[in-house]
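Here are a few notes to read alongside the model.

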Amino acid sequence: MQDTPPTPQDETDFESFYLKQVTAEFADDLDKLRNASDFTEKSVSILIDALKATAGMYSEGDKVKVMGKR
């Protein structure tokens, strides 16, 4: 049986789930970054973009498995 490819909503749901997991796991590190003297508003958008980009390293099949859909 072939897995159903993720829908755009599935992709959004995975990204949201992934970002929650990453920020929870690395909360202390993110706080250190946030409190650094050179951390600016621009740094926030760069950090968010970088974290979102890492969500893209997972295959469609992995995303479906993580989200519990087959």
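A word on terms before the points: contact here means heavy atoms within 4.5 Å, and helices are DSSP runs (H or I, at least four residues) numbered from the N terminus. Please keep in mind that this is a predicted model, in which local features need pLDDT of at least 70 and side-chain atom pairs count only at pLDDT 80 or more, while totals for chains, interfaces and linings use all residues. Residues are numbered from 1 along each chain as its sequence is written, and side-chain values use heavy atoms, with hydrogens and water left out.

1. Let's begin with helix 1.

2. What covers the buried residues of helix 1? Leu19 gives a detailed view: leaving aside neighbours within four places in sequence, Leu19 is in contact with Leu51 and Lys52.

3. Helix 3 has 15 residues and reaches 22 Å from its first C-alpha to its last, close to the 21 Å expected. Ser43, Leu51 and Ala55 are buried in helix 3. These residues cover an arc of only 125° around the axis, which puts them on the same side of helix 3. On the other side, Lys42, Asp49 and Ala53 are exposed. Helix 1 and helix 4 are among the elements covering the buried residues of helix 3.

4. Now the core. A nonpolar core is a set of buried Ala, Val, Leu, Ile, Met, Phe, Trp, Tyr and Cys residues joined through side-chain atoms within 4.5 Å. The largest one has 6 residues, namely Phe14, Tyr18, Leu19, Val22, Leu51 and Ala55. Helix 1 and helix 3 each supply at least two residues of this core, and the largest share, 4 residues, comes from helix 1.

5. On the aromatics: rings of Phe, Tyr and Trp (its six-membered ring) pair if their centres lie within 6.5 Å, with planes under 30 degrees apart counted as stacked, over 60 as edge-to-face and the rest as tilted. The count comes to 3 aromatic pairs. Phe14 and Tyr18 form a stacked pair, 6.0 Å centre to centre with 20° between the planes. Both lie in helix 1, 4 residues apart, about one turn of the helix. Phe14, Tyr18 and Tyr58 form one aromatic cluster.

6. Lastly, there are 2 salt bridges in the whole structure, each a side-chain nitrogen of Lys or Arg within 4 Å of a carboxyl oxygen of Asp or Glu. Glu11 bridges to Lys63, with the closest N and O atoms 2.8 Å apart. Glu11 lies in helix 1 and Lys63 in helix 4, so the pair ties together parts that are 52 residues apart in sequence. Glu11 is partly exposed at 27% relative accessible area, whereas Lys63 is buried at 12%. Asp31 forms a salt bridge with Arg34, with the closest N and O atoms 3.2 Å apart.

Key. Buried means under 20% relative accessible area, exposed over 50%, partly exposed in between (1.4 Å probe, protein chains only). The expected span of a helix is 1.5 Å times one less than its number of residues. The arc is that of the directions from the helix axis to the C-beta atoms.
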